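Try each one yourself before reading on to the solution.

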Amino acid sequence: MFPPDSIALRHYLGQGPKDRTISDARHSVSLTDIVEFSCLAGRCCDLSGRSVLIATSRQLLSALAMIELDGVARRMLLCPPDLDWERLQALVEQAGIDTIVTDRPLSGSRAGKYTVIGIDLPDRRATRRTVDHATEWLMLTSGTSGLPKIVRHTLDGLAGAIIAEGPARYGDATWATFYDIRRYGGLQIFLRAVLGGGSMVLSEPGEAIAVHVARLRAGGVSHISGTPSHWRKLLMSGATANFSPRYIRLSGEIADQAVLDGLAQAFPHASIGHAYASTEAGVGFSVDDGREGFPAHLIGRNRDGVEMKVVEGSLRIRSKRTARAYVGADAPPLADEEGFVDTGDIVELRGERYHFVGRRGGIINIGGLKVHPEEVEAVINRHACVQMSRARSRRSPITGAIVVADVILTAGTDEKCHETIRAEILTQCKDSLAAWKVPAVIRFVERLEVTAAGKLARTDA
Amino acid sequence: MSVRTKIFSAMEQIAEEQKVTLPPLQDNLSLNETGFDSLAFAILVARLEDELGVDPFTIAEDAAFPSTLGEFVRAYENVPA
């Protein structure tokens with residue numbers, strides 16, 4: 001409970017250049033002298049040992065709360081922005097929350113048994129704080145249906161991949177991410193900025209891409225991450241001109257060759273890496289050679305404390321970076337008896353490389369033959385005129401289901417070419433996929449829905 | 001274009017994609033003899049649903065799948081508009 005050698009997040013703020021900042025569209029806060037301020041009206045001491053829900057309207061305030069509360073609170077639950085109060089209430093019960101830190105007015109009935117502490121931009125001198133807790137970091141899984149699960153991490157585990165790479169490597173970096181930092185993928189980037197001595201520019205919900213990119217440029221963003229869906233949207237927007245980050249990172253979905261090539265073309269001077277990580281399994285690895293999939297030799301070895309194996313087609317990971325457990329009364333075990341987390345991500349060995357083919361739960365069954373929508377999309381996306389695609393299941397009276405595909409073409413594609421492109425995509429699919437995996441119908445659409453977690457929405461999965 | 005013509009043209013398109021050589025399309029042609037497998041028929045029914053707005057084999061709960069091309073065409077022609 002009182003680990004003497006525990007390092008809290010705020011201890012990293014004295015490192016790096018003196019002009020470190022974290023900003024959103026409205027405010028920029030200095031990270032360098034934040035230790036001497038409080039965003040909780042100096043009430044941080046009251047939060048020692050408490051179980052705190054951080055539910056703020058802006059990511060910036062959540063970031064400041066994490067810095068102030070790590071090492072102080074017993075646990076903090078990071079609340080992503082798209083949760084309604086009813087679902088949140090059930091999660092708050094499961095997590096044993098007793099205190100809510102928020103900038104929103106909470107009516108009496110909602111506040112109820114909780115201590116509610118307001119949060120605002122830092123302005124008061126903080127009382128001296130000591131680190132007396134190894135704070136538990138609780139995060140929500142990004143599943144789209146039902147109640148998300150709560151997973152428990154430690155700062156050590158969350159920062160495992162960053163420490164392994166040597167955080168000082170990014171000392172002069174200004175980080176940004178299309179993710180919300182209260183989700184695993186976004187939190188990784190926030191921690192990279194804080195631990196590595198850099199600065200950060202936060203995303204803003206609902207902000208037009210061109211406006212966001214202008215802010216990234218103005219903020220001098222050099223390192224930026226997002227899901228392949230985020231990146232495809234950016235490439236489609238045509239807003240990439242004059243934006244030249246040095247490092248581009250993809251995670252959270254399968255990075256296929258088409259999106260890697262598209263980014264390499266749009267950002268010729270950037271190094272491009274795709275990382276494998278999930279809220280439960282933590283950061284597994286990152287691949288920087290510009291090719292989809294990952295080298296087969298990463299499996300079966302202990303590399304930087306991460307061990308991976310493939311069982312029944314799915315990737316399993318054991319490391320100190322995985323979440324410690326699911327939280328809640330009836331929470332299932334997170335790992336198997338040997339400590340491996342089953343990611344549910346199905347991989348396939350092709351030559352010297354493993355390729356991700358899809359999610360175990362997302363399989364489409366066509367008269368007993370199986371297909372992952374992602375493997376179909378990867379082939380469709382190779383067509384030069386395709387920006388983004390989604391394969392999905394459609395019921396069939398004959399085979400139970402068939403595969404159909406919705407496709408977004410690159411801007412400016414002549415409608416007269418649609419039939420030719422459709423035929424070319426079909427030929428491409430036939431050349432690389434088994435017959436039942438070839439989409440029966442290809443529809444050209446204007447947009448595809450992306451979830452709040454930045455992933456392509458798969459309603460039938 | 002009549003329903004029949006649309007069905008025949010969709011079949012020819014699929015036959016070309018699937019590298020199937022269709023025999024002459026006549027009402028008494030058994031569906032088994034078309035060279036189409038169940039996947040090809042699944043594709044045909046899906047595309048016809050998009051084009052004609054109807055899938056007669058899902059609508060009727062007890063619909064027996066036709067055995068000849070003539071029956072197949074009639075299943076589409078007989079659906080109330």
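**Exercise 1.** Work out how helix α10 (residues 373-380) of chain A packs against helix α11 (residues 418-432) of chain A in this predicted model.

*Solution.* Start with the axes: they run 9 Å apart, at an angle of about 125 degrees. Next, the handedness: α10(A) and α11(A) cross in a right-handed way. Now look at who touches whom. From α10(A) come A:V376, A:V379 and A:I380, and they meet A:I425, A:Q428, A:C429 and A:S432 of α11(A). Sort the residues of that contact and you get five nonpolar, two polar and no charged.

**Exercise 2.** Is A:Y354 buried or exposed, and what does A:Y354 touch?

*Solution.* First place the residue: A:Y354 sits in strand β23 (residues 353-359) of chain A. Then count: 20 other C-beta atoms lie within 10 Å of A:Y354. The cut-off for buried is 20 or more, so A:Y354 is buried. Skipping neighbours within four places in sequence, its contacts are A:G293, A:F294, A:A296, A:I299, A:V347, A:E348 and A:L349.

**Exercise 3.** Describe the side of chain B that touches chain A.

*Solution.* Begin with the tally: 13 residues of chain B contact 13 residues of chain A. On the chain B side, α2 (38-52) and α3 (56-59) each give two or more residues. The largest share, nine residues, belongs to α2(B). By type, this side of chain B splits into seven nonpolar, two polar and four charged residues.

Note on methods. Residues numbered from 1 in each chain as written. Chains lettered and ligands numbered in written order. Predicted model: local features only at pLDDT ≥ 70, side-chain atom pairs only at ≥ 80, totals over all residues. Axes fitted to C-alpha atoms, helices over the stretch in contact; angles between N-to-C directions. Helix = DSSP H or I, 4+ residues; strand = E, 2+ residues; numbered from the N terminus. Left-handed = near helix turned anticlockwise from the far one by under 90°. Contact = placed C-beta atoms within 7 Å. Nonpolar A, V, L, I, M, F, W, Y, C, P; charged D, E, K, R; others polar. Buried ≥ 20, exposed ≤ 12 C-beta atoms within 10 Å, placed from the backbone.
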